[in-house]
Amino acid sequence: MQRFIFYLTVLLSTTIFGQESAEQQAEQTIKTFFEGFHKGDTTLMKSVMMDKVLMQTVFKTKEGKDVLVTDEPGKLISAVANRTEDQKWEEKILEYKVQVDGNMANVWTPYEFWFNGEFSHCGVNSFQLFHDNGTWKIIYLIDTRRRTGCQD
């Protein structure tokens with residue numbers, strides 16, 4: 001009987017601790033998105049995106065004017081799909097800050113963007129995710145872009 005209780009305890013502990021938390025699942029969604037981005041695999045990218053995703057970028061012009069640009073997700077997908085082999089894009093994610101409330105999550109990711117091995121810009125991505133019947137999907141992405149004030 002003691003052996004049975006021991007194995008039952010081990011089985012339950014493994015099951016409980018082996019499951020990913022909602023925060024880990026949401027973070028994995030973003031990792032999958034960037035895996036596709038770096039590999040040029042738009043199918044992988046789209047697998048973690050809802051059909052209608054709002055994408056925006058915030059930056060300052062050289063004159064100091066604040067600008068908000070809204071783009072169609074298809075523009076990013078097309079750019080990734082049509083990237084030539086001599087172009088290497090690397091978005092280095094510096095940290096993942098994940099917040100979850102029920103079926104909504106926010107993933108905040110400071111980043112550095114490198115083009116062909118040279119620093120281009122830095123900023124923060126803010127992803128909004130929806131838990132779509134067991135799968136986290138990106139519904140909104142806004143990012144900042146700047147060339148100064150970046151982490152060393």
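Colleague: Which ring does the charged end of Lys92 sit over, and at what distance from its centre?

Modeller: This is a predicted model, where local features need pLDDT of at least 70, side-chain atom pairs count only at pLDDT 80 or more, and totals for chains, interfaces and linings use all residues. Residues are numbered from 1 along each chain as its sequence is written, and side-chain values use heavy atoms, with hydrogens and water left out. A charge sits over a ring if NZ of Lys or CZ of Arg is within 6 Å of the ring centre and within 35 degrees of the ring normal. For Lys92 the ring is that of Trp114, and the distance is 4.2 Å.

Colleague: What lies over the face of Phe37?

Modeller: Phe37 is buried, at 6% relative accessible area (buried: under 20%; exposed: over 50%; partly exposed in between; 1.4 Å probe, protein chains only). At 5.8 Å from the ring centre, the residue over the face is Arg83.

Colleague: How are the planes of Phe33 and Phe127 arranged?

Modeller: Rings of Phe, Tyr and Trp (its six-membered ring) pair if their centres lie within 6.5 Å; planes under 30 degrees apart are stacked, over 60 edge-to-face, the rest tilted. Phe33 lies in helix 2 and Phe127 in strand 6, so the pair ties together parts 94 residues apart in sequence. Helices (H or I, at least four residues) and strands (E, at least two) are DSSP runs, numbered from the N terminus. The centres are 5.8 Å apart, the planes at 70 degrees: edge-to-face.

Colleague: Which residues do ring pairs link into a cluster?

Modeller: The structure holds six aromatic pairs. Phe37 and Trp89 form a tilted one, 5.7 Å centre to centre with 35 degrees between the planes. The cluster consists of Phe33, Phe34, Phe37, Trp89 and Phe127.

Colleague: What is the S to S distance in the disulfide joining Cys122 to Cys150?

Modeller: A disulfide is a pair of cysteine sulfur atoms within 2.5 Å. Cys122 sits in strand 6 and Cys150 in the segment after strand 7, 28 residues apart. The link is left-handed, with -80 degrees about the S-S bond. The S to S distance is 1.9 Å.
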